[in-house]
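Visitor: I would like to learn how to read a few features of a model. Please take them one by one.

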Amino acid sequence: MQLLGKEIKKLVGVSHNDLDGALSSKISKYYVEKLLNVKVEKIMNVGNHEVDKSILEILPQVDKETLFVITDVSPSPKVAELINERVEEGCTILLFDHHKTALFLNKYNWANVVVADEAGRLMCGTNLYFEYLMKHAPVEESSYVQLLAEIVELTSLFFKDELTYD
């Protein structure tokens, strides 16, 4: 898979251990591995207090053919600087988060923190990640991709308490 001008052969990740984070991990397995043919080697679903430790565990394993995806969680400023050093060395690391506490990460080109889109729709880590993949690593439209899109949308709605039971 080509991404950001690089050939990506494997994916590793850190994500939250809630529904949003778990679905991001599934997007990696089903979209990236099955549809883009990139080996998903390791994804850690962690609690908020384990984020830095987990990132620091995976970071040394990231080489120039590895995509490191961080979804629905964010590192401390100190760990963010270490991530940035790896990106400057040529590693491909992407972060997708929707928490206001992570907005400081938008100063880095590898971070995508969006609380709400231009229309005011509240975001979740999963839909930020999925939309990025659809834009930068598109696959042929299929019923499978449409189903993933619907699951992502439902997750976003679930986390924003927008579901109604009319």
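Predicted model: local features only at pLDDT ≥ 70, side-chain atom pairs only at ≥ 80, totals over all residues.

Visitor: Where does aspartate 72 lie, and is aspartate 72 buried or exposed?
Guide: Helices (H or I, at least four residues) and strands (E, at least two) are DSSP runs numbered from the N terminus. Buried means under 20% relative accessible area, exposed over 50%, and partly exposed in between (1.4 Å probe, protein chains only). Aspartate 72 sits in the loop between strand S5 (66–71) and helix H3 (77–88), and is buried because its relative accessible area is 1%. Its phi is positive, about 65°, although aspartate 72 is not a glycine.

Visitor: Which residues does aspartate 72 touch?
Guide: Contact means heavy atoms within 4.5 Å. Leaving aside residues up to four places away in sequence, the partners of aspartate 72 include His16, Asp18, Phe96, His98 and Gly125.

Visitor: At what angle do helices H1 and H4 pack?
Guide: Axes are lines fitted to C-alpha atoms, for helices over the stretch in contact, and angles run from 0 to 180 degrees between N-to-C directions. Under 35 degrees counts as roughly parallel, over 145 as roughly antiparallel, 65 to 115 as roughly perpendicular and the rest as oblique. H1 (residues 19–35) and H4 (residues 125–136) pack at about 20°, with axes 8 Å apart; the two helices are therefore roughly parallel.

Visitor: How are aromatic pairs described?
Guide: By the distance of the ring centres and the angle of the planes. Rings of Phe, Tyr and Trp (its six-membered ring) pair if their centres lie within 6.5 Å; planes under 30 degrees apart are stacked, over 60 edge-to-face and the rest tilted. The whole structure holds four such pairs. Phenylalanine 96 and tyrosine 132 are tilted, at 5.3 Å centre to centre and 55° between the planes. Phenylalanine 96 is in strand S6 (residues 92–97) and tyrosine 132 in helix H4, so the pair ties together parts 36 residues apart in sequence. Tyrosine 108 and tryptophan 110 are stacked, at 4.8 Å and 20°.

Visitor: Is asparagine 37 buried or exposed?
Guide: Asparagine 37, in the loop between H1 and strand S4 (39–46), is exposed, with a relative accessible area of 64%.

Notes. Residues numbered from 1 in each chain as written. Heavy atoms only, no water.
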